[in-house]
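Me: I would like a close look at the salt bridges here, taken slowly and with the cut-offs stated.

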Amino acid sequence: MTDHISLGMPQLPAPEYPAEVRARLEADGKEIIARYPDSRSALLPLLHLVQAEEGHVSRTGMKFCADILGLTTAEVTAVATFYTMYRRKPSGDYQVGVCTNTLCAVMGGDAIFEELKQHLGIGNNETTDDGKVTLEHIECNAACDYAPVVMVNWEFFDNQTPESAKKMVDDLRAGRPVEPTRGAPLCTYKETARILAGFPDEREGAVEATGGAGPASLVGLRLAKGESPHHKIVHPRGESASGEGE
């Protein structure tokens, strides 16, 4: 006797956006596509565009990208599922990413991540019941000189501790102002996605506030230019710069 194996119902086609939403997305999409000599190159910003609409890349969003670019949904899905910046399911207004790569981990990133999981009552890539915070571990925030680093909607929160991280997520959930260590003021995940799609950040002062590398990141560049750093550089094993004590 052969066991019955249920394969389930085949997945139905993705629903369409409402007509007014699709018209608005098509106008924005054509503006994005016009930036590239090959329309296929516009796929990444188009995925950010549909993510700005729903807060994640839905099947409807992937179908829209395929239609406007003349691609198959399989081609779009392959890209959308490869990059971790594209969400696969509805998530919170604020994506809190804790770096758990080597340096951040040993400097306290693992402890921060564990504390936040317990504090928020959620696991990795899960969202609080109020829909405010999605927590995830990130392999690298590209800010090792400020370890441990947490990012909220891709803005930097440097030199964090479990206590500061817990206060930060509490403030986010309560709607209190939260300021990144450097860079532009926070906005919601949907607003961030639209900016990543290539549309201007129209918030007053946001562009001027956008910062790049902080002082710690620029020490090596200043040394290469022959400039003296403001802060003392500690040499390995306590050796002085001149080699004294050898």
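Is R222 buried, partly exposed or exposed, by its relative accessibility? Please set the answer among the salt bridges around it.

Reply: R222 counts as partly exposed, at 23% relative accessibility, where buried means under 20% relative accessible area, exposed over 50%, and partly exposed in between, with a 1.4 Å probe and protein chains only. The model is a predicted one, in which local features need pLDDT of at least 70 and side-chain atom pairs count only at pLDDT 80 or more, while totals for chains, interfaces and linings use all residues. Residues are numbered from 1 along each chain as its sequence is written, and side-chain values use heavy atoms, with hydrogens and water left out.

R222 forms a salt bridge with E227, the closest N and O atoms lying 3.2 Å apart; the term denotes a side-chain nitrogen of Lys or Arg within 4 Å of a carboxyl oxygen of Asp or Glu. E227 is itself partly exposed, with a relative accessible area of 35%. By this rule the count comes to 17 salt bridges.

Elsewhere, a network of salt bridges links E16, R22, E26, K63 and D67. Within it, the side chains of R22 and E26 meet at 3.0 Å, N to O, and these two residues, four apart in helix 1 (residues 19-33), are therefore separated by about one helical turn; helices are DSSP runs of H or I, at least four residues long, numbered from the N terminus. E26 is partly exposed, its relative accessible area being 27%. D67 and K63 also form a salt bridge, with their closest N and O atoms 3.1 Å apart, and, because they are four residues apart in helix 3 (residues 59-69), about one helical turn separates them. D67 is partly exposed at 39% relative accessibility.
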